[in-house]
Amino acid sequence: MSQSLDPAQAATLVFGDQRIDLLEGESVLEGLERAGVDAPAGCRAGTCCKCMQQADNPPPESQRQLRPTLRAQGFFLACQAYPKEPLYMASTEPPAPISARVVSVESLSSDVRRLRLRPAQQFTYRPGQYLDVLHSSAAVRSYSIASLPSDGLLELHVRRIEGGLVSGYLHELEVGADVSIRGAFGQCFHVADDPDKPLLLVGAGTGLAPLLGIARDALDQGHRGAIRLVHGGLQPDRLYLRDELAQLAETWPQLSIHPCVLRDAGASERQGALDQVAVQVAGSTLGETRAFLCGDSDLVRILQRSLFLAGMSSAEILADPFDAALSP
Ligand SMILES: Cc1cc2nc3c(=O)[nH]c(=O)nc-3n(C[C@H](O)[C@H](O)[C@H](O)COP(=O)(O)OP(=O)(O)OC[C@H]3O[C@@H](n4cnc5c(N)ncnc54)[C@H](O)[C@@H]3O)c2cc1C
């Protein structure tokens, strides 16, 4: 986006080719409303967050109430924003679909397959976010991204759901096939605002995909604090990528892996409910920890509640529940 406006147009809202000049002392929300834009609004006091908008360069004071991942994506509260320079507002158009080629497929467990895709065009994302797969039937399903942009390929872990339309399609794809994708979406990713903050990464099943991306991203960005990854499954054979995770933890002493199962635990797994194990693993650091919760939506909601009740700040609990899609 161009940043070369005449300084005389300071305090202008810029939407592509359109401009709205703000009046003296007017907030972004008031300017939008005066210009006839149907902008959402609520308390107008920076509390309810209903007036949230996105821009390339939001005024910092309009972001203070928001989570770090929202701030990192340029979200801000329009009722609290009094820009002193042109404000480049984000497009409201959804990202356009692009094509991606399957370059490798690998079975990770009896029902999880790893797909690596090479996008035909630049695909911008943060590890831990998710993309949409667009199926020829018009069905759209989301899959979390386990890779880092520097890997050059998009890594997905897809669990085959019995009778599932898109997971079945992704399990049948062969190397060389093209898939239509769009994205990226989601707010469950690492923000390097405090390199010593303990991080707690908790998920079950393919919830491991975003957690792997987040852990690698934090390490890549020089995170020094403890990174505790708790991966849950029904029984030991549902836990996958164990060797790869163990190797990563050997390379990075700040990373520890905590496999957890509901039944048949062996010597290398804890047995118990994932939320209780997560609270135990965080231990006395829970109050200062940031948590990332991924996987089945019911489980994520249980985890959110348990961690909050155990003393974690809700602003530090980031989650992307894998809600099942509505049928096309
Ligand atoms: C933000 C987000 C991230 C996601 N990330 C991943 C990921 O990394 N890996 C991954 O494998 N999936 C992920 N999902 C789930 C994925 O989007 C699909 O919902 C899943 O693959 C099923 O789609 P389908 O078309 O195969 O099944 P559908 O055709 O939608 O459903 C077939 C039948 O299975 C049921 N069903 C759907 N989902 C489940 C389920 N999870 N368990 C049991 N029954 C189910 C449906 O109710 C229906 O009866 C994510 C979802 C979201 C919202």
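Q: Helices (H or I, at least four residues) and strands (E, at least two) are DSSP runs, numbered from the N terminus, and I'd like to begin with alanine 184: which strand is it found in?
A: Alanine 184 is found in strand S11, which covers residues 178–185. This is a predicted model, where local features need pLDDT of at least 70 and side-chain atom pairs 80 or more, while totals for chains, interfaces and linings use all residues. Numbering starts from 1 along each chain as its sequence is written, and side-chain values use heavy atoms, without hydrogens and water.

Q: Is the peptide bond from glycine 183 to alanine 184 cis or trans?
A: The bond that joins glycine 183 to alanine 184 is cis, and its omega is near 5°. Most peptide bonds are trans.

Q: And what about arginine 44, where is that found?
A: Arginine 44 belongs to the loop that runs between helix H1 (28–34) and strand S3 (52–54). Although arginine 44 is not a glycine, its phi is positive, at about 60°.

Q: Switching to the ligand, which residues come nearest?
A: There are 19 residues around the ligand (a heavy atom within 4 Å), and those that come nearest are Arg141, Ser142, Tyr143, Arg159 and Ser167.

Q: Which elements give two or more residues to the shell around it?
A: Those elements are strand S9 (140–144), strand S10 (154–159), helix H3 (165–172) and strand S17 (317–322). Of the elements, S9 gives the most to the ligand's shell, with 4 residues.

Q: How does the chain divide into domains?
A: The assignment, which is automatic or from a database, gives domain 1 (9–88), domain 2 (98–185) and domain 3 (199–322). Domain 2 and domain 3 each supply at least three residues to the shell around the ligand.

Q: And what separates the centres of domain 1 and domain 3?
A: Taken over C-alpha atoms, the centres of domain 1 and domain 3 are 35 Å apart.
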